[in-house]
Amino acid sequence: MAESLTPTTAPLPAREHLETLVGEILAAARARGATAAEAAVSFNSALSVTVRLGDVETLEHHRQRGLGVTVYFGQSRGSASTADWRPEAIRDTVQSACAIARHTAADPYAGLADPERLAREIPDLDLYHPWALGAEEAIERARECEAGALRLDPRIRNSEGGSLTTQTSLVMYGNSHGFCGGYPTSRHSLSCSVIAQDESGMQRNHWHTVARAREALETPIAVGQEAARRALRRLGSRRLSTRQVPVLFAPELARGLIGHFVAAIRGGALYRKASFLLDRLGTVVFPAFVTIRERPHLPRGLASAPFDSEGVATREREVIRDGVLQGYVLDSYSARRLGMETTGNAGGTHNLIVEPGPFGPEELLEQLGTGLWVTELLGHGINLVTGDYSRGASGFWVEQGMVQYPVQEITIAGNLGEMLQHIVAVGRDVDARGGIHCGSLLLERMTVAGE
């Protein structure tokens with residue numbers, strides 16, 4: 001189908017315009033007596049389409065803009081935001097932030113990031129690849145994705161839809177230390193969810209692809225067919241009796257385990273003493289063969305950033321080296337609370353890379369031997385204070401390294417601290433569709449609760 005002449009996303013405003021708005025906000029804060037201030041102005045444009053059984057279910061164009069300001073009167077802080085960029089709206093927003101600050105108790109840890117930590121050079125990380133995709137072509141690609149699933153096998157009986165989203169963003173941040181910086185980004189994704197059915201019942205599954213640039217996406221047919229294959233292999237699922245067995249986490253779930261680890265080393269959890277990894281800096285957290293690096297300047301990385309949301313320069317570092325915890329995840333406020341320095345993680349981490357192991361999927365199944373291969377998790381049963389972990393799960397029962405049958409309606413449980421230390425192997429089958437890149441993780445033992 002020919003591409004529509006109407007673009008799906010609006011052009012981004014000029015960076016100079018957003019810089020001017022940031023400058024006006026900071027000037028208004030100074031005029032009202034603020035001793036320090038910071039501001040962010042953002043613009044986002046997106047197209048999202050969902051097709052189900054060939055018919056368009058949703059077609060949405062989004063244009064969102066906003067601004068936020070935080071002001072300081074000494075160490076009393078106030079914040080306000082609006083979606084209105086008009087001068088009078090900026091004045092009212094700054095005035096609201098100042099009024100809040102004047103009625104807020106002083107916090108000795110509050111304040112802007114230290115000036116010497118701010119980014120002075122902003123590298124181009126190749127994060128902006130807009131896709132001038134027309135609505136008609138977007139619909140056609142979503143249909144192609146869904147059709148790829150429905151045509152793969154007659155047991156694919158129904159669909160929850162094929163979806164495509166493309167978006168571009170520009171955020172400009174500045175503060176009264178003289179920092180002002182921003183950069184455009186793009187993000188495109190394609191997904192499909194279908195239902196397989198036979199005499200044993202129905203099973204649903206999905207697949208998606210996401211990238212900064214359209215050429216890095218999987219093809220629509222490939223996404224649809226992978227969703228179908230994943231639904232088909234779930235047919236005939238059984239339950240298991242309660243037991244303790246080795247557990248292999250698929251890559252897309254393994255990165256969730258790493259995400260729980262990250263949550264436990266965030267500054268907020270640590271200074272609140274709400275983490276099972278409290279006071280563990282410099283101690284063994286993982287097996288010696290595990291290394292985790294943060295690579296914020298990875299070209300086209302989905303979590304790449306030259307500076308964090310406070311303007312602090314990001315840098316490559318080792319979070320875990322040879323199993324030992326090397327550093328926390330801190331912004332300026334939490335760092336001050338802990339008597340430490342910011343790690344440039346205001347707003348989150350930037351491309352955490354779990355160093356891949358030498359093992360492919362078949363080799364990992366061989367190492368698993370007899371146990372559970374988990375491919376889907378449900379619920380959020382994680383207690384970061386104690387490390388207790390309990391999630392609904394489904395996947396496959398494996399014996400002597402060979403998949404025997406799919407399983408469902410089970411629960412896997414353990415303690416995160418023990419789980420991380422009892423990782424047996426890391427796969428080379430890395431899932432890089434997010435801010436954490438990780439292969440499969442094989443754990444020595446967990447409790448599987450079923451019938």
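Is Cys192 buried or exposed? In this predicted model, Cys192 has a relative accessibility of 2% and therefore counts as buried. The closest cysteine sulfur to that of Cys192 belongs to Cys145 and lies 4.3 Å away, too far for a bond. A disulfide would require the two sulfur atoms to be within 2.5 Å. The count of disulfides comes to zero. Cys438 is another buried cysteine, with a relative accessibility of 0%.

Along the principal axes, the C-alpha atoms occupy a box of roughly 70 × 60 × 35 Å. Buried residues make up 54% of the 451 residues. Among contacts with a sequence separation of 6 or more, 72% are between residues 24 or more positions apart. The accessible surface amounts to about 19,800 Å², and carbon and sulfur atoms contribute 48% of this area.

Leaving aside residues up to four places away in sequence, Ser394 touches Arg234, Trp373, Val374, Thr375, Glu376, Val407 and Gln408. The C-alpha atoms of Ser394 and Ser237 are 8.7 Å apart, although 157 residues separate the two in sequence.

Backbone geometry was examined for positive phi values. Most residues other than glycine have a negative phi. Leu53, which is not a glycine, has a positive phi of about 55°. Leu53 is located in the loop that joins strand E1 (36-52) to strand E2 (55-73). With a relative accessible area of 44%, Leu53 is partly exposed. Asp322 likewise has a positive phi, near 50°, without being a glycine. The loop containing Asp322 runs between strand E9 (317-321) and strand E10 (324-325). Asp322 has a relative accessible area of 47% and is therefore partly exposed.

How values were computed:
Residues numbered from 1 in each chain as written. Predicted model: local features only at pLDDT ≥ 70, side-chain atom pairs only at ≥ 80, totals over all residues. Heavy atoms only, no water. Buried < 20%, exposed > 50% of the residue type's maximum accessible area, 1.4 Å probe, protein only. Contact = heavy atoms within 4.5 Å. Areas by Shrake-Rupley, 256 points an atom, 1.4 Å probe, with all protein chains shown as cover. Helix = DSSP H or I, 4+ residues; strand = E, 2+ residues; numbered from the N terminus.
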